[in-house]
Amino acid sequence: MALSTISKLNNGNNWATTSTRSINHDSCSHRRNAPPRIRIAAAAQSSGGGLTADFEEGQLERPKWTGETPISRLVGALISFKPLYSVMKLGARQVLISTAEKTNIPWRDMTKEILESDVYKEKDTIEDSSIVYPDYYLNPFHAYDEGNLSWLAAAEAEPATMSMVRRAIPNASSLEEANRIVRGNWLQAIENHHQQYSGNSKIGDILDIGCSVGVSTGFLAEKFASAKVTGLDLSPYFLAVGQYKDKKRNQGKNTIRWIHGNGENTGLPSKSFDLVSIAYVMHECPERAIKNMVKEAFRLLRPGGTFAVTDNSPKSKILQELSPVLFTLMKSTEPFLDEYYLTDLEGVMKEAGFANVQTALTDPRHRTVTATVPF
């Protein structure tokens with residue numbers, strides 16, 4: 001769940017038009033000195049198909065409010081002042097809820113439905129009591145004092161994810177249209193990469209690390225319908241919601257395997273997956289955890305397997321140009337955001353042994369980085 005995509009609803013002017021109005025004038029003289037634009041050319045207009053669009057990069061390698069810049073240090077000082085931090089945390093949460101409901105996402109109703117359901121029974125069936133939580137995972141984040149280890153965070157995860165997608169594509173007429181771009185381009189990037197570099201091998205086994213309540217997991221299962229899909233997460237609360245919703249959709253049966261585990265050390269067999277995906281997770285992790293998850297993905301993938309990470313793009317023009325109020329609110333709920341932005345993710349993948357590392361801006365805020373385990 002990427003709270004770091006908080007922005008105003010009218011920021012959609014940087015989003016280029018979709019397939020019915022594809023831009024054909026990139027070579028015009030007025031663009032010669034413009035920042036680079038990355039096109040992800042997509043196929044059918046469906047939840048797994050994507051759309052053709054151009055998304056603009058900013059002038060910087062990363063936002064100026066990250067790292068050891070004066071702005072970043074000022075924001076850090078503000079956040080460290082506990083009384084002010086409490087106010088900012090509440091403000092960030094209210095921004096999320098209000099922007100969601102302004103775009104017809106029934107945040108409160110969806111949350112109430114989960115909290116008043118039988119979801120609590122699922123936690124007992126899925127929780128691994130031997131799990132030792134990493135120290136960073138126990139930090140308050142996402143405006144929750146317990147982080148992801150609470151029923152409220154789990155109940156609000158899906159509407160928060162919907163809100164993230166709507167904020168990414170604010171000019172979209174509906175959530176469905178926004179998903180066709182955000183989710184569709186992500187899935188298309190994965191499929192294109194696998195087809196190009198995996199020697200015609202099929203995607204038969206998929207692992208979604210940091211699956212949360214299973215939103216990304218469900219999109220992967222829909223896109224690659226013949227594959228066996230596993231969702232793995234450190235929060236038994238999130239997994240309980242994912243399993244509950246999966247059963248509800250499928251008449252009491254799970255079509256997805258749900259595992260309570262640590263993405264840094266899953267305990268799953270080596271070379272047992274054709275695709276490992278990590279969606280909107282790494283910006284919540286310190287650099288050491290990012291490196292460990294990349295190494296674990298390499299171990300888990302078969303030769304020719306595809307690794308895909310989608311998350312905030314340091315080069316996103318919109319994220320680089322966030323107002324001071326918004327990026328301060330954002331950083332107040334994301335304690336490891338600086339470490340993520342300062343990590344050379346492509347370099348980490350190459351160091352772990354991955355080949356064919358490629359990055360595309362798959363919507364105005366997010367990049368998808370894909371790579372292959374060599375044969």
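**Surface, helix packing and an enclosed helix**

The accessible surface of the protein chain comes to about 15800 Å² (Shrake-Rupley method, 1.4 Å probe), and carbon and sulfur atoms account for 50% of it. The model is predicted, so to speak a computed one: local features need pLDDT of at least 70, side-chain atom pairs count only at pLDDT 80 or more, and totals for chains, interfaces and linings use all residues. Residues are numbered from 1 along each chain as its sequence is written, and side-chain values use heavy atoms, with hydrogens and water left out.

The protein chain holds 13 helices and nine strands, taken as DSSP runs (H or I, at least four residues, for helices; E, at least two, for strands) and numbered from the N terminus. Of its 375 residues, 59% count as buried, meaning under 20% relative accessible area with a 1.4 Å probe, protein chains only.

Turning to one helix pair, the axes of α2 (residues 82-102) and α5 (residues 151-168) come within 9 Å and cross at roughly 65 degrees; these axes are lines fitted to C-alpha atoms over the stretch in contact, with angles running from 0 to 180 degrees between N-to-C directions. Here R93, L96, T99 and A100 of α2 meet L152, E156, S163 and R167 of α5, where contact means heavy atoms within 4.5 Å.

Helix α8 (residues 236-249) is worth a look too. Ten of its 14 residues are buried, so α8 is largely enclosed by the rest of the structure. Among the buried residues are Y237, F238 and L239, and the cover over the buried residues of α8 includes α3 (107-115), α4 (120-126), α5, β4 (228-233) and β5 (257-260). After α8 comes Q251, with a positive phi near 55 degrees.

Conventions
Buried means under 20% relative accessible area, exposed over 50%, partly exposed in between (1.4 Å probe, protein chains only).
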